[in-house]
Amino acid sequence: MLDTSEENRRRHSLDPHQPVWLFGYGSLIYKADFPFINRQPAFITGWARRFWQGSHDHRGTPEQPGRVVTLIECPGHRCDGMAYQITPDVFEHLDHREKNGYLRVRQTLTFTDGHSADGLIYIASEDNAAFLGPADETDIARHIAGSHGPSGSNRDYLLQLAEALRAMDAHDEHVFSIEQHLQDMTP
């Protein structure tokens, strides 16, 4: 089953009057197409961003899925991203946007000023139907170079993510390595 939106609605009982923190580590960093109360750079620990999730609905098609990021447990690792304080009704839009295998998970977020808060993160685990898994970074770049979907080219997704991470002064070896491989392929 690829559409996880209904499962996400069942997973978390949210007080409609209580704002919630959402952590974005992929396109949610640079594409906030939803209302938010507050936005702050943040990070989580114990997780690594990886281009291991298939995208059948945004950066690819069911016949030729693109590759987008998910989080993989990685002790001692830090993943930088953007935290948004939102009202729970925003999850109706977000659950649809992230329906291609992503489930909401609770996680502690740490903000750049040092304070932390409980938040929600969309993670596509390896048991979802769209999970593509690990591959050589050159092969991932080649896959991304050839993928396109309703939300645009997979290449643009990667380049916008890399640019957004640099703007936050965040380093991600996996993302930047794939970006370099992709640029090396371009004549």
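Predicted model: local features only at pLDDT ≥ 70, side-chain atom pairs only at ≥ 80, totals over all residues.

Me: Is Ser13 buried or exposed?
Reply: Ser13 is exposed, and its relative accessible area is 73%. Here buried means under 20% relative accessible area, exposed means over 50%, and partly exposed is in between, using a 1.4 Å probe and protein chains only. Residues are numbered from 1 along each chain as its sequence is written, and side-chain values use heavy atoms, with hydrogens and water left out.

Me: Where is the place of Ser13?
Reply: Ser13 is in the loop between helix H1 (5–11) and strand E1 (20–24). Helices (H or I, at least four residues) and strands (E, at least two) are DSSP runs, numbered from the N terminus.

Me: OK, zooming out. How many helices and strands does the protein chain have?
Reply: There are 6 helices and 7 strands in the protein chain. Along the sequence, their pattern reads α-β-α-β-β-α-β-β-α-β-β-α-α.

Me: And what radius of gyration does the protein chain have?
Reply: The protein chain has 16 Å, which agrees with a compact globule of 187 residues, because such a globule would have a radius of gyration near 16 Å. That radius is taken over C-alpha atoms, and the globule rule is 2.2 Å times the number of residues to the power 0.38. The C-alpha atoms fill a box of roughly 50 × 35 × 30 Å along the principal axes.

Me: What percentage of the residues count as buried?
Reply: In the protein chain, 50% of the 187 residues count as buried. As for contacts with a separation of 6 or more, 75% are between residues 24 or more positions apart; contact means heavy atoms within 4.5 Å.

Me: Which residues touch the most other members of the largest nonpolar core?
Reply: Phe51 and Leu94 do, in a core of 48 residues. Strand E3 (residues 66–86) gives the most to this core, with 8 residues. A nonpolar core is a set of buried Ala, Val, Leu, Ile, Met, Phe, Trp, Tyr and Cys residues joined through side-chain atoms within 4.5 Å.

Me: What does Phe51 touch?
Reply: Not counting residues up to four places away in sequence, Phe51 touches several residues, including Arg67, Val69, Ile140, Tyr157, Leu158 and His174.

Me: Leu158 came up there. Where is the place of Leu158?
Reply: Leu158 is in helix H5. At 0% relative accessibility, Leu158 counts as buried. Beyond its neighbours within four places in sequence, Leu158 is in contact with Phe51, Ile144, Val175, Ile178, Glu179 and Leu182.

Me: There's a tryptophan I'd like to check. Is Trp47 buried or exposed?
Reply: Trp47 counts as buried, because its relative accessibility is 14%. Trp47 is in strand E2 (residues 38–55). Leaving aside neighbours within four places in sequence, its contacts include Leu71, Cys74, His77, Gln107 and Ile123. Trp47 and Ile121 are 74 residues apart in sequence and 11 Å apart in space, C-alpha to C-alpha.

Me: New topic. What is the phi of Asp169?
Reply: Asp169 has a positive phi of about 60°, although Asp169 is not a glycine. Asp169 is in the loop between helix H5 (154–167) and helix H6 (173–185), and with a relative accessible area of 73% Asp169 is exposed.

Me: What about helix H6: is Ser177 buried or exposed?
Reply: Ser177, in helix H6, counts as buried at 15% relative accessibility. The C-alpha atoms of Ser177 and Gly54 are separated by 19 Å, and the two are 123 residues apart along the chain.
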